[in-house]
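Hello,

Here is the structure I said I would pass on.

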Amino acid sequence: MVAKFKGFFITVEGCEGCGKSTQSRLLKKYLENKGFKVVLTREPGGSTVAEQVRNILLNPKLKIAPLCELMLYESARVQHIEDIVKPNLAKGCVVICDRFTDSTIAYQGYGRKIDIKTIEKLNNIATLGINPDLTIYLDIDPKIGIVRAKAKKCFNNGDRIERENIKFHNDVRRGFLALAKKYPKRIKTIKTEPTVKDTRILINAEIEKFLSKRKKNV
Ligand code: TMP
């Protein structure tokens, strides 16, 4: 049985360079100013063990088979859920996670072409049944996003995933768009605007809608 938590769980998703890390930080501040206790975390990573798995996953020097890649993302997720997500939701915090299971469907499913049903099963196992209450999907054309992402990263010419070709990144975007269509109640699509501030305003509007619905249901 899936536990009911006092806190709630928001995930932020999108292709490379969509600005989700910046927007996740701004969202944390926005919710804290409203009096919520907020934990900001990320996948892959977010806890000591999972950050080590992240280093393997993003290392451009390593050649990793698609199925091994999938299992590594899922194994990092198990530890992250156990160490960070579950205990903080139980304490009543809002947990914001920069990437989560939708990324696995988009990247390993639509990008690497691993069977989606298999990924869904593994996602269910790895998350212990914990699903996001709300997902903000920041939509960007990969042609623009990938240039932005590579400019920021510590690996020259991008990390292992960023180095994939444009077709891979376009397929990943198709994956996110398909998920947004399949789960319109949970996933809110926001087109990334030219300025951080404009995108932030659109996100905050979605958050307000979510909070008022939640208030009515409590
Ligand atoms: P980022 O957090 O800096 O965006 O880097 C994480 C990379 O890992 C990004 O390229 C997306 C990728 N990723 C997957 O391929 N599958 C997953 O399940 C997750 C969470 C991330």
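Predicted model: local features only at pLDDT ≥ 70, side-chain atom pairs only at ≥ 80, totals over all residues.

Helix pairs

Two packed helices are described by the angle between their axes and the distance between the axes.

Take helix H3 (residues 66-90) and helix H5 (residues 116-126) to begin with: their axes cross at roughly 25° and come within 9 Å. Angles under 35 degrees count as roughly parallel, and H3 and H5 are therefore roughly parallel to each other. The crossing of H3 past H5 is right-handed. On the H3 side, the contact is made by Leu 70, Met 71, Glu 74, Arg 77, Val 78 and Ile 81, and on the H5 side by Ile 119, Leu 122, Asn 123 and Ala 126. Sorted by class, these are 7 nonpolar, 1 polar and 2 charged residues.

Helix H1 (residues 20-33) packs against helix H8 (residues 196-217) with the axes 10 Å apart and an angle of about 50°. H1 and H8 are therefore oblique to each other, and their crossing is right-handed. Residues of H1 in this contact include Leu 26, Leu 27 and Tyr 30, which meet a set in H8 that includes Ile 203, Ile 207 and Leu 211. The contact of H1 with H8 has 8 nonpolar, 4 polar and 2 charged residues.

Ligand

Which residues are closest to the ligand? Of the 15 that surround it, they are Glu 16, Tyr 73, Arg 99, Thr 104 and Gln 108. A ligand oxygen lies 2.7 Å from a side-chain N or O atom of Glu 16. For Thr 104, the distance from a ligand oxygen to a side-chain N or O atom is 2.7 Å, and for Lys 20 it is 3.3 Å.

Regards

Conventions
Residues numbered from 1 in each chain as written. Heavy atoms only, no water. Axes fitted to C-alpha atoms, helices over the stretch in contact; angles between N-to-C directions. Helix = DSSP H or I, 4+ residues; strand = E, 2+ residues; numbered from the N terminus. Parallel < 35°, antiparallel > 145°, perpendicular 65-115°, else oblique. Left-handed = near helix turned anticlockwise from the far one by under 90°. Contact = heavy atoms within 4.5 Å. Nonpolar A, V, L, I, M, F, W, Y, C, P; charged D, E, K, R; others polar. Near = heavy atom within 4 Å. Polar contact = N/O pair within 3.5 Å; in protein donor to acceptor, adjacent residues only side chain to side chain.
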